[in-house]
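Here is a short briefing on one structure. Look it over first, then read the points below.

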Amino acid sequence: MSPFAQGRSRLTAVLLLLGLLSASVQAAAKEQLVLAIGGEPEQGYDPLLGWGQYGHPLFQSTLLSRDASLASRPDLATRWELSEDRLTWNITLRDDARFADGTALTARDAAYTFRHAAQAGGRADLSVLEQAEAVSPYHLRLTLSEPRITFAEHFHTLGIVPHGDRDNGYNEEYGRSPLGSGPYRMVEWQEGEQLIVERNPYFHGKQPAFQRLVFRFMGEDTTLAAANAGQVDVAVAPPALAGRTPDGMHRVAMQSVDNRGILFPMQPALGETTGDGLAIGNDVTADPAIRQAINLGLDRDVLVEVALHGFGRPAHGPADGLPWDNPEARLSPTGADAAIAVLEAAGWKPDESGIRHRDGLPARFRLNYPSHDTTRQLLAEVSAEMLRPVGIEMIPTGRHWDDIQRKALHSDAILFGWGSHSPQEIYYLYHSAHAGQGFYNAGLYANSAVDTHLETAQAAASLEASYPSWQAAQWDGETGYGERGDAAWAWLVNLEHLYFVDSCLDIGELPTAPHGHGWPVTASLLDWRWTCD
């Protein structure tokens, strides 16, 4: 068969599949939804390995959940108290929660979950957890080795799994056949193709309106084709395609703190390497004048318009608009003239090509981005063009994440994306204790005053009481990690998460999304309803 014939055959197969799917949707529209929103984790749907960290875990319940305003509300926990020394959480669990096999969920399961998540090496950092114990069937006690007010973030994100010693208990294959007490249970997962889930008849909360959900895993173009053909009820829309709303659907924009920013290597290149042999440092980005000039010279409104097609807002920090953000840390006025003034004062002079030099060193460095990500590529390329007139040559370089980790993590600038509902992420990004720990603080940033502010925040009596210290870490009037201080990052934009939604589907009030376009839209799933006859 010729390549053309093979391609036509594949296209025919895809259209046939879409046609069959369409018939299925039309036949049971009020009972079944088809979603193309991504959300297929490589490690499976295992909370102990990270599932649910940036959105509700769906199959599992958590101790607490958040409403649309991000306020905490009970889920499995009915009462939660922190001791006066801030080292012990006493948590009372509801007594009517059941796993999807009908068996009761107790404090023994919750204690097991926290203990094993601490050892599993997943995304949940439970390093300060000293002990997790079931005091009684519905009384959980968590003891910490030091005060850590952001520990409560795990109450919202860590899905509770069944104890490993019980029937249907947790095991190594859990992520591919999860058993939880969430609103839905897994029916079938065809990896790379689709995930089918059905209502959990034992769910203790509000019953979702739809009996069955089918999550389709498709690329951007295929998702748009399926949406245009009426084959899906909810489809994730990349900014570049968001202007083409399919007939019978409307576009929904979910505000987010899902940001993109440039991490700078903070150390000069002195020939040092990590224990794994990775080079450390960059003589250009180690200069605070370069970092501050970049922050001044970037026009973030233009970045939003060009790279996000207007679907976003400028970013000046990792938590813009959240209660622990400090707007006083922002530089003003900005623009090319302000950036040039900073560089001139620091001794960076332009040569005949316009690139600035100091002591023979050109103001030139690579900006790495994951090569598969077109949004980050656009951000890198547009940012580089903006900085050229001020005399800084930033070279956009697309690489696979593995390549970035092996060759550039501590010596090149990197275009990262973060965004969390908790200030805990700020601690990871800027505290010196996390320097060189994976992607966290990969630039090896260290400022003892910032460390002190962050530690004071963690020791606060409540999250609300910690806000001033998080803000001081960003800028305390003399120093900080933000733009007016060390300018350890150049934050660029906050994304809007965009979806095409069937005109007959009401997906309720959406909260501000964390990092991860796709799955966070399911946060309001229990409020979704069909509005047509």
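Is C504 buried or exposed? C504 is buried, at a relative accessible area of 17%; buried means under 20% relative accessible area, exposed over 50%, and partly exposed in between (1.4 Å probe, protein chains only).

This is a predicted model, in which local features need pLDDT of at least 70, side-chain atom pairs count only at pLDDT 80 or more, and totals for chains, interfaces and linings use all residues. Residues are numbered from 1 along each chain as its sequence is written, and side-chain values use heavy atoms, with hydrogens and water left out.

**Disulfide**

- The count is one disulfide, taken as a pair of cysteine sulfur atoms within 2.5 Å.
- C504 and C532 form the link, with S to S at 1.9 Å.
- The pair connects distant parts of the chain, 28 residues apart. C504 sits in the loop between β22 (497-502) and β23 (505-506), and C532 in the segment after β24 (529-530). Helices (H or I, at least four residues) and strands (E, at least two) are DSSP runs, numbered from the N terminus.
- The C504 and C532 link is left-handed, with -85° about the S-S bond.
- C532 counts as partly exposed, at 28% relative accessibility.

**Aromatic pairs**

- The whole structure holds 22 aromatic pairs. Rings of Phe, Tyr and Trp (its six-membered ring) pair if their centres lie within 6.5 Å; planes under 30 degrees apart count as stacked, over 60 as edge-to-face and the rest as tilted.
- Y45 and F59 are edge-to-face, because their ring centres are 5.4 Å apart and their planes stand at 85°.
- Both Y45 and F59 lie in the loop between β1 (32-36) and β2 (64-66), so the pair ties together parts that are 14 residues apart in sequence. Y45 and F59 are buried.
- F114 and F155 also pair edge-to-face, at 6.3 Å centre to centre and 75° between the planes.
- F114 belongs to helix α2 (residues 107-120) and F155 to helix α3 (residues 153-157), so this pair ties together parts 41 residues apart in sequence.
- F114 is buried at 0% relative accessible area, and F155 is buried at 1%.
- One aromatic cluster consists of W401, F416, W418, Y428, F439, Y440, W489 and W491.

**Helix α5**

- Helix α5 (residues 288-297) is mostly covered, with nine of its ten residues buried. Among them are I290, I294 and L296.
- The cover over the buried residues of α5 includes α6 (300-307), α7 (336-345), β18 (364-370), α8 (374-387) and β21 (489-495).
- D287 caps the N-terminal end of α5, where a side-chain oxygen lies 3.0 Å from the backbone nitrogen of A289.

**Nonpolar cores**

- The largest nonpolar core has 65 residues. Such a core is a set of buried Ala, Val, Leu, Ile, Met, Phe, Trp, Tyr and Cys residues joined through side-chain atoms within 4.5 Å.
- I290, I294, F365, I392, Y430 and W489 touch the most other members of that core.

**T113 in helix α2**

- T113 lies in helix α2 and is buried, with a relative accessible area of 0%.
- The T113 side chain reaches the backbone oxygen of D109 at 2.9 Å.
- Neighbours within four places in sequence aside, T113 is in contact (heavy atoms within 4.5 Å) with L48, L158, G159, I160 and V161.

How values were computed: Polar contact = N/O pair within 3.5 Å; in protein donor to acceptor, adjacent residues only side chain to side chain.
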